[in-house]
Amino acid sequence: MLDDLPFLQDVSLRGNNIAGIASGSLSWLSQLIAADFSYNDIQNIVGVFTNLTWLELLNLNANNIQNIDGAFDGSFALSSNTSLGLVGNSITQLTTGSFAGLSNLDSLEISDNDISTIASGSFQDLSNLEYLDISNNLLTSVDVGDFAGLWSLEELYLGQNDIATIASG
């Protein structure tokens with residue numbers, strides 16, 4: 001669709017009826033800086049964002065993404081000062097390495113999902129993350145190791161969950 005636009009830097013396909021993006025179909029957009037695919041019906045994002053080394057903003061808010069396991073593992077190498085939006089999807093859990101390959105990410109918004117579990121090591125590759133919003137989910141506890149590896153974190157939002165216990169450590 002956009003293969004005749006190799007110098008495209010910003011694309012917005014917000015508010016359409018996109019149910020899927022073929023794996024590797026955006027890989028030729030090597031100059032892409034911002035991509036907005038919010039308010040669609042996208043379910044699978046594994047292998048979609050390859051070769052996007054200049055990408056600074058990826059908005060996947062308000063889709064139907066349920067699982068992000070392996071979605072970012074080497075799929076794209078974000079440059080510095082980057083933001084990933086996954087607000088308002090149907091994500092239920094974060095597993096070890098959910099955000100592998102996103103070491104330059106500095107802002108992650110995953111609020112308004114159905115996340116009830118954060119496995120130890122879920123954020124292990126996000127050493128540059130400064131902002132994390134995981135509010136309005138279904139978390140009932142915060143455990144030791146849930147936020148391991150977030151050495152640069154400055155802002156953490158956990159409001160509107162069902163948190164009853166915070167483990168020591």
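Leu 58 has Leu 84 as its bridge partner in S4, and this pair is a handy way into the predicted model. On the S6 side, Leu 84 stands opposite Leu 108. S4 and S6 also pair in the parallel sense, here over four bridges.

Moving on from S6, the next step is strand S8 (residues 131-133), which pairs with S6 in the parallel sense over three bridges. Here Glu 109 stands opposite Asp 133 in S8. Put together, these pairings are part of an open sheet of seven strands, with parallel pairing and the order S1-S2-S3-S4-S6-S8-S10. The sheet has strand S1 (10-12) and S10 as its edge strands, each pairing on one side only. On average, neighbouring strands of this sheet are turned by 10° against each other, direction ignored.

How enclosed is strand S6 (residues 105-109)? Four of its five residues are buried, so S6 is largely enclosed by the rest of the structure.

Nonpolar side chains tend to be buried together in soluble globular proteins. In this model, the largest nonpolar core has 41 residues, and those with the most contacts inside it are Phe 99 and Phe 123. What does Phe 123 touch, leaving aside its neighbours within four places in sequence? The list includes Phe 99 itself, along with Leu 94, Leu 108, Ile 110, Ile 118, Leu 132 and Ile 134. Also in contact with Phe 123 are Asp 146, Phe 147, Ala 148, Gly 149 and Leu 150.

Gln 93 gives another view. This residue lies in strand S5 (residues 93-94) and is partly exposed, with a relative accessible area of 40%. Not counting residues up to four places away in sequence, Gln 93 touches Ile 115 and Thr 117. Gln 93 and Leu 132 are 39 residues apart in sequence, and their C-alpha atoms are 16 Å apart in space.

Finally, two residues have backbone angles worth a look. Tyr 39 has a positive phi of about 55° although it is not a glycine. Where is Tyr 39 placed? Tyr 39 is in the loop between strand S2 (34-36) and strand S3 (57-59). Its relative accessibility is 46%, so Tyr 39 counts as partly exposed. Gln 160 is not a glycine either, and has a positive phi of about 60°. Its place is in the loop between strand S10 (155-157) and strand S11 (165-166). Is Gln 160 buried or exposed? With a relative accessibility of 65%, Gln 160 counts as exposed, because the cut-off for that label is over 50%.

Conventions. Residues numbered from 1 in each chain as written. Predicted model: local features only at pLDDT ≥ 70, side-chain atom pairs only at ≥ 80, totals over all residues. Heavy atoms only, no water. Buried < 20%, exposed > 50% of the residue type's maximum accessible area, 1.4 Å probe, protein only. Contact = heavy atoms within 4.5 Å. Pairing = 2+ DSSP bridges. Axes fitted to C-alpha atoms, helices over the stretch in contact; angles between N-to-C directions. Core = buried A, V, L, I, M, F, W, Y, C linked by side-chain atoms within 4.5 Å.
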